[in-house]
Amino acid sequence: PIESIFQKRSKGVVLFSLGSVTATEQMSHALKTHIIRSLAFHQEYEFIWKANFTQSEMQLLKEAPNVHVQEWVDQRAILAQRRLRLFISHCGYNSIQECAYAGKPILCIPLFFDQFYQYLQTRQFGMSGRHVDMNALKRGEWDFREALDDMLGEEEYTKKAELLGQKMRQRPFSAKERLVR
């Protein structure tokens, strides 16, 4: 169960999801290996990765006890967890909104269309300072590992994301009052 993951490590949990459209089962073995090695390197954190793995690919996780692959996650519920330290996302519109509302920093891996623009918005609001190019990730894990180091090590992203979340949750007028105005 996911609840037990939140109780394991002292530094917290990271959620990694590339959305519901991205076919993670079609990712190459090499790409999955790069990602797992980067996540496993940060042993002081637990990682929940929403992805589809075959039985043979699950063997990759033997050397990464801090990486937990789930076929489905309740993203909003996980983002609301106090011990969640970072959200790694494709920067889809709903993911950005849910992350901002929860007040969590985000590491972006934009894949197509509007996701690149939405990454720039996360930078503008200070909830992200880095993105990882999927093509670079396919060539090796170093950019991803460095981006994780930066995002997990810099408290400024967390502070700015928390402030944005507070602002989003504080609504001076109800929906009815806004409609009538």
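How exposed is Phe112, and what relative accessibility does Phe112 have? In this predicted model, Phe112 has a relative accessibility of 36% and therefore counts as partly exposed, since that class lies between the cut-offs of 20% for buried and 50% for exposed.

## The surface around Phe112

Phe112 sits in the loop that runs between β5 (106-108) and α5 (115-124). Together with Val21 and Phe113, Phe112 makes up a nonpolar patch on the surface, and the accessible area of these residues together is about 380 Å².

## The largest pocket

The largest pocket holds about 390 Å³ of space. Its lining is made by 21 residues, of which Gly19, Ser20, Gln75, His90 and Ser95 are the closest to the centre. Two or more lining residues are given by each of the elements α3 (75-79) and α4 (93-102), and α4, with four residues, supplies the largest share.

Sorted by class, the lining of this pocket comprises ten polar, six nonpolar and five charged residues.

## Salt bridges

Side chains of opposite charge can pair when their charged atoms come close, and the structure holds three salt bridges. In one of them, the side chains of Lys32 and Glu57 meet with an N to O distance of 2.8 Å. Lys32 belongs to helix α2, whereas Glu57 lies in the loop between β2 (46-50) and β3 (67-70), so this pair ties together parts that are 25 residues apart in sequence. Lys32 and Glu57 are both buried.

Arg76 forms a salt bridge with Glu98, and their closest N and O atoms are 3.8 Å apart. Because Arg76 lies in helix α3 and Glu98 in helix α4, the pair ties together parts that are 22 residues apart in sequence. Arg76 counts as exposed, at 61% relative accessibility, while Glu98 counts as partly exposed, at 23%.

A further salt bridge is formed by Asp150 with Arg130, where the closest N and O atoms are 3.9 Å apart. Here helix α7 (residues 142-153) contributes Asp150 and the loop between α5 and α6 (134-139) contributes Arg130, so that parts 20 residues apart in sequence are tied together. Asp150 is partly exposed, with a relative accessible area of 23%, and Arg130 likewise counts as partly exposed, at 25% relative accessibility.

## A buried loop residue

Thr24 is found in the loop between β1 (13-17) and α2 (29-41), and with a relative accessible area of 3% Thr24 is buried. The C-alpha atoms of Thr24 and Glu71 are separated by 9.7 Å, although these residues are 47 residues apart along the chain.

Definitions and conventions
Residues are numbered from 1 along each chain as its sequence is written. This is a predicted model: local features need pLDDT of at least 70, side-chain atom pairs count only at pLDDT 80 or more; totals for chains, interfaces and linings use all residues. Side-chain values use heavy atoms; hydrogens and water are left out. Patches are made of residues with over 30% relative accessible area and no salt bridge: like charges are joined within 9 Å, nonpolar side chains (Val, Leu, Ile, Met, Phe, Trp, Tyr) within 5 Å. Accessible areas come from the Shrake-Rupley method with a 1.4 Å probe; for residues, only the protein chains shown count as cover. A salt bridge is a side-chain nitrogen of Lys or Arg within 4 Å of a carboxyl oxygen of Asp or Glu. Buried means under 20% relative accessible area, exposed over 50%, partly exposed in between (1.4 Å probe, protein chains only). On a 1 Å grid over the protein atoms alone, a cavity is a set of points where a 1.4 Å probe fits but cannot get out, and a pocket is an open set with protein on both sides within 12 Å along at least five of seven lines; lining residues have an atom within 4 Å of a point. Grid points are joined across faces, edges and corners, and a volume is the space filled by probe spheres set on the points. Ala, Val, Leu, Ile, Met, Phe, Trp, Tyr, Cys and Pro count as nonpolar, Asp, Glu, Lys and Arg as charged, and the others, Gly among them, as polar.
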